[in-house]
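Welcome! Open the structure in your viewer, keep the selection tool handy, and follow along stop by stop.

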Amino acid sequence: MEYQTPDFHNSGYGPGPWWNPDPDYEKRVVKETRTCFSRVGLIYTIFIIVANGSQWLAAVFLAESGLMTRISWNQYMLMSLFSMYPVAVPLTWLLMKTVPAKGRPVRESWRLGKLTGFFVFCMGALYVGNFVGRVLMLFAGLIKGEPILNDMEGLITSMEPWMILVSAVIAAPVMEELVFRKFLLDRIAGYGHWTAMMVSGVLFGIVHGNFYQFFYAFFLGVVFAYVYLHTGKIRYTIGFHMLINFMGSILPLELLKIVQKNALIGGILSTGNLMLMIGFIICGVILLAYYWRDLSFPPAMDGISTKKRIGSVWLNVGMIAFLACGLILFAMSL
């Protein structure tokens, strides 16, 4: 695998304490790291509040103006969508520009075969994460005494295919990849790829706001982050995201329609879909084992310990505020 070594001196990666004998060096690095990720956490807390708040305000406006009774469900969903992204995404971009950039994605050249392999792995991670979320919600429902519905499934099945195409297959992948990959990773790549990947995955998973989606969103967020950190091409992760959302929304709906019309053909297709899911998981595991030795995770070059890095990344005001906000969303979904 071709690998481009980062230019640590010019990319924001700091020299380690073995190079700088300053006794306060480690304290300054820890403080800098904590400050950076606290700001990141606050920015993504604002993103959650603005994204959900703008949708709520749009619903209130439609209800108070009497327009709610004059428009269709799909028109309402379209207005809700475009009340969120045009506000939340530019605001996040402007706020993230205030975060000092440390490091940058490397620029490896990936062939189609490698991109295809990573997409297959993404599909396997998607199905595993989806299974974990469903099992967890099944047990949560048993404890609660009633089933906990997957609101996203209900939302998707209530929408027309064209609306799903516009919202879930086109708009959401573009906006989410900008917010959770490009805006974020362009600023924090220098803190080490593992750190950047985990932060991207956790933020992406929590913003989905429920346990049904958290696990597969987290897994996909980590893999998408790896792809972007190693290629610097956001179009790759946008393309992956679009294909995955298409296969997880429009295709199942069309399959459901066939099942409702013809049980025999529907049963055959459903069996084929199940085999495809199993195939993706098996192939994903094989590909992970095949590529594992070639995977690279450039570390931060600032010399602080892993324990102090984890503490400074997650134990700060901004990240705690974000996690608390996420917990509220998760609790509301139960």
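Predicted model: local features only at pLDDT ≥ 70, side-chain atom pairs only at ≥ 80, totals over all residues.

Start inside: select Val40, Tyr44, Ile188 and Leu203, the residues with the most contacts within the largest nonpolar core, which has 81 residues.

Next, zoom in on Ile188. Which residues is Ile188 in contact with, leaving aside its neighbours within four places in sequence? Show Cys36, Phe37, Lys102, Ala196 and Val199, and you have them.

To see where the lining comes from, colour helix H4 (112-144), helix H7 (193-207), H8 and helix H11 (263-291), the elements that give two or more residues to it. The space in this pocket is about 460 Å³. How many of the lining residues are nonpolar, polar or charged? Colour them by type and you will find 19 nonpolar, three polar and no charged.

Finally, zoom out and switch to a cartoon view. The protein has 13 helices and zero strands. Its C-alpha atoms fill a box of roughly 75 × 50 × 40 Å along the principal axes. Colour by burial, and 46% of the 334 residues show up as buried. Last, draw the contacts between residues at least 6 apart in sequence: 82% of them join residues at least 24 apart.

Note on methods
Residues numbered from 1 in each chain as written. Heavy atoms only, no water. Core = buried A, V, L, I, M, F, W, Y, C linked by side-chain atoms within 4.5 Å. Buried < 20%, exposed > 50% of the residue type's maximum accessible area, 1.4 Å probe, protein only. Contact = heavy atoms within 4.5 Å. 1 Å grid on protein atoms, 1.4 Å probe; cavity = no way out; pocket = protein on both sides within 12 Å on 5 of 7 lines; lining within 4 Å. Points joined across faces, edges and corners; volume = space filled by probe spheres on them. Helix = DSSP H or I, 4+ residues; strand = E, 2+ residues; numbered from the N terminus. Nonpolar A, V, L, I, M, F, W, Y, C, P; charged D, E, K, R; others polar.
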